[in-house]
Amino acid sequence: MSSVAAILASTSRMVTAFTPRLLPRLAFQGATKSERYMSASGSGMPFEDDKMPFYALGVNLSKQMGGQTNFRTLVDEDELEIVLTGFCENMRGTNIQDANTVLTTYGQELNKILMERTSRITDRIKEEGEEFIKNFLDCNEEAIKTDSGMVYCPMTEGTGAQPEVTNTVEVHYHGTLIDGTVFDSSVDRGQTISFPLGQVIRGWQEGLAMMKEGGKATLVIPADLAYGEAGSGDVIPPGATLKFEVELFKVT
C-alpha cells in the first residue's frame, strides 16, 4: 500500500479456484540448506548473472500462479511435489497424459478442493479478527464499537474541521494485521498522504468522519468494512481484520 490505491475500497467477491488471493503465511516447518552461486555483482544470487534472467522468469511464473495466495498454504508438501511435477513435465513436453484431458477430468474436483480449503482458512481468519476486537475493547476503556462493527479508539482529540465523505483528507497512517505485521505505513515512509474520503474502504470513511483535524485515533476495521473475502494484493489476507493508527492533519 505505497499509494492511495492500496487503501481504495475494494468490491467483495467470492474466492474461486485459479483466482489468486492472499492466504496467511505459515511458519517454516524446517530450514533447508541449498547450494548457492555468487553472482558477479556479489549480491548472493543463486546463479551467475547471465543465467539470472531465466531464474527471474521462474520467479515471475510462480508469483503469477500463487504469489497472492501463498499457494503453499493450500497444499501439503506431498501435494506441492505433485503440482511441480505436473508443471515441469508439461513445460518440458515429457508428460504422458494429454494436458487437456487431465484438466477436463480433474479440473472440477481441483476447484472444489481449493475452494473448500480457502473457505476454511478465511473463516478462521475472520474468527481471529472477532477475538482480537473483543480483546481490544476489553483492554481499552475509551474504545467504542460502532453499529457497523468498527472499533474507534481516540488517542488525541482534534479541534479542527471534521470531515465528511465528500471531503479530501491529509493523514498519516500505520496499518497492521492483527498479528502486528505492517502491511503499509505512511509514517514509515515519512510522507503524509491525501485522498478523497469517499474513495477508500468503508472503515476509513466511518472512522475518519469521527475525527477532527489535529486528532489521532486507532481504528480496528473488520473484514466486512475493509477488503472482505477478496483481500488485497499480496499483503492483506481474505477475511482479515485491520488495525490502523491514523492522524488527521487537514480536511479540504
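Guide: A residue counts as buried under 20% relative accessible area, as exposed over 50% and as partly exposed in between (1.4 Å probe, protein chains only). The model is predicted, so local features need pLDDT of at least 70 and side-chain atom pairs pLDDT 80 or more, while totals for chains, interfaces and linings use all residues. Residues are numbered from 1 along each chain as its sequence is written, and side-chain values use heavy atoms, with hydrogens and water left out.

The chain has 252 residues, 35% of them buried. It holds five helices and seven strands (DSSP runs numbered from the N terminus: helices are H or I, at least four residues; strands are E, at least two). Their order from the N terminus is α-α-α-β-β-β-β-α-β-α-β-β.

The largest nonpolar core has 35 residues (buried Ala, Val, Leu, Ile, Met, Phe, Trp, Tyr and Cys joined through side-chain atoms within 4.5 Å). Val171, Trp204, Leu208, Ile221, Leu242, Phe244 and Val246 touch the most other members. At least two residues each come from α3 (99-139), β3 (168-177), β5 (193-196), α5 (202-208), β6 (216-221) and β7 (242-251). Strand β7 gives the largest share, five residues.

Beyond its neighbours within four places in sequence, Val171 is in contact (heavy atoms within 4.5 Å) with Ser186, Thr192, Ile193, Phe195, Trp204, Leu208, Val246, Glu247, Leu248 and Phe249. A second, separate core has six residues, including Phe136, Ala143, Val151 and Cys153.

Rings of Phe, Tyr and Trp (its six-membered ring) pair if their centres lie within 6.5 Å; planes under 30 degrees apart are stacked, over 60 edge-to-face and the rest tilted. This rule gives six aromatic pairs. One of them, Phe47 with Tyr55, is tilted, at 5.8 Å centre to centre and 50 degrees between the planes. Phe47 is partly exposed because its relative accessibility is 35%, and Tyr55, also partly exposed, has a relative accessible area of 35%.

In soluble globular proteins, nonpolar side chains tend to be buried together. Some here are not buried: Leu61, in helix α1, is partly exposed because its relative accessibility is 31%.
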